[in-house]
Amino acid sequence: MVSTQESGTFLLPDVGEGLTEAELVTWHVRVGDEIKINDIVCEIETAKSVVELPSPYAGVVQELLVAEGETVEVGTPIIRVGDESDASSNGAPPIEPPSAASGVETSAQVDPPAPVDVPVDVPVDAAADPAEVEQPLTLVGSGPKEAAVSRRPRVLAKPPARALARELGVDLADVVPARADGVITSADLTAAPASPAVPGARAVPAPGAHRATGEREHREPIKGVRKQMGQAMVRSAFTAPHVTEWVTVDVTRTMELLVRLKERPELRDVRVGPMLVLARACILATRRTPIINSVWDEEAQEVVFKHYVNLGIAAATPRGLVVPNIKDADALSLPELAAALDHLVATARDGKTPPPDLSGGTFTITNVGSFGVDSGTPIINPGESAILCFGAIKRKPWIVSDQVVARDVCTLSLSFDHRHIDGAAGSQYLADVAAILEDPATALLF
């Protein structure tokens, strides 16, 4: 073990608010790689999100001290970086240790070729989302004093795809991407063959394979984001007495408004959808019912009213449910709110939401309509007092001026903390949100 006093030893930092441990998900460097300050060296999963760690040192990677998939405490040494003389002091480049589960020894019976540094050109579409780069190394040579390192082509894949690859036991270098920019997606992995050579991989059988093999159940560890989600939901459900109210709304005028908004030059570069109008409606409705944007402080025996709206959007990710929030959403214009929603969703799907964006929320929207679900009874996000569930928008028969006509209809449900939000306040808030969706011009009254 390398001394923690050594200047080139990087200790696992607290990247959140008092986090005590994290799982090392993926290394982005290998032993022998030359790195600069702020180069991304690895991804870690905390109880809140997946976070990239930049290096505080420049030099050559001497040693990786933690294996992928290992959970370590904050302050644990994870990587040692030094200068090139340190790497060659024993007459050979350092050899990366195997993962904690492998225990593989490297040997060969042939004379080693000269070290080869193969340049790799990676096609990247400038308009595409950036993806992480992985550069695994292979050993070439006959012994520890003569081993040379050769690089395999870089692999482009985002964190969700990398996580799925580890679970399926797929070597990303063997996967042929369908996308023109060379980025490997989760869809590419479902057809890829499993590779037992991936360190820490856990084979996940295809649908129906459990019956074929006789396996009737399997287990997955509860950790990271999923563990935090479970603890938060239990704490909320058994602390705040939930009340849920429902309303079904004709949102035809909102859908017509969206068509016009998409033609506005200020909104051409962002996604304009029903969620944008709903988010705006939720923000405006808090002006008439500010207690919705408050929180019960049990210790102080006070209700804390927030004079700002940090709007949370519940997002399902491969690692579990996260609720990033848009800070001071009430101060944003409609184009700014649209851009913030786009960024929030894209970052959450890529597993890159920074911990500060996952704390401090004051009100949350959860969109079950994206799954075709009409509505639900959501659990309040801890630290808040209300959450609105947005159901699917469907074409349904509706009575307008005593005539049955086809209209765009959806159902909203609002769960709120009944300790300090009574039925009248909850009903008023939900009715105001529904009124804006039914007739967006109503927003002028707030």
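Contact here means heavy atoms within 4.5 Å. Keep that in mind, and let's start.

This is a predicted model, where local features need pLDDT of at least 70, side-chain atom pairs count only at pLDDT 80 or more, and totals for chains, interfaces and linings use all residues. Residues are numbered from 1 along each chain as its sequence is written, and side-chain values use heavy atoms, with hydrogens and water left out.

First, the overall picture. The protein has 9 helices and 24 strands. These are DSSP runs, numbered from the N terminus: helices are H or I, at least four residues, and strands are E, at least two. Of its 446 residues, 43% count as buried, meaning under 20% relative accessible area with a 1.4 Å probe, protein chains only.

What is Leu278 in contact with, leaving aside its neighbours within four places in sequence? Ile365, Leu388, Phe390, Leu412, Val433 and Leu437.

Last stop: Thr353. It sits in the loop between α8 and β21. Thr353 counts as buried because its relative accessibility is 5%. Neighbours within four places in sequence aside, Thr353 is in contact with Ser49, Val50, Pro324, Thr347, Ala348 and Leu358.

How values were computed: Buried means under 20% relative accessible area, exposed over 50%, partly exposed in between (1.4 Å probe, protein chains only).
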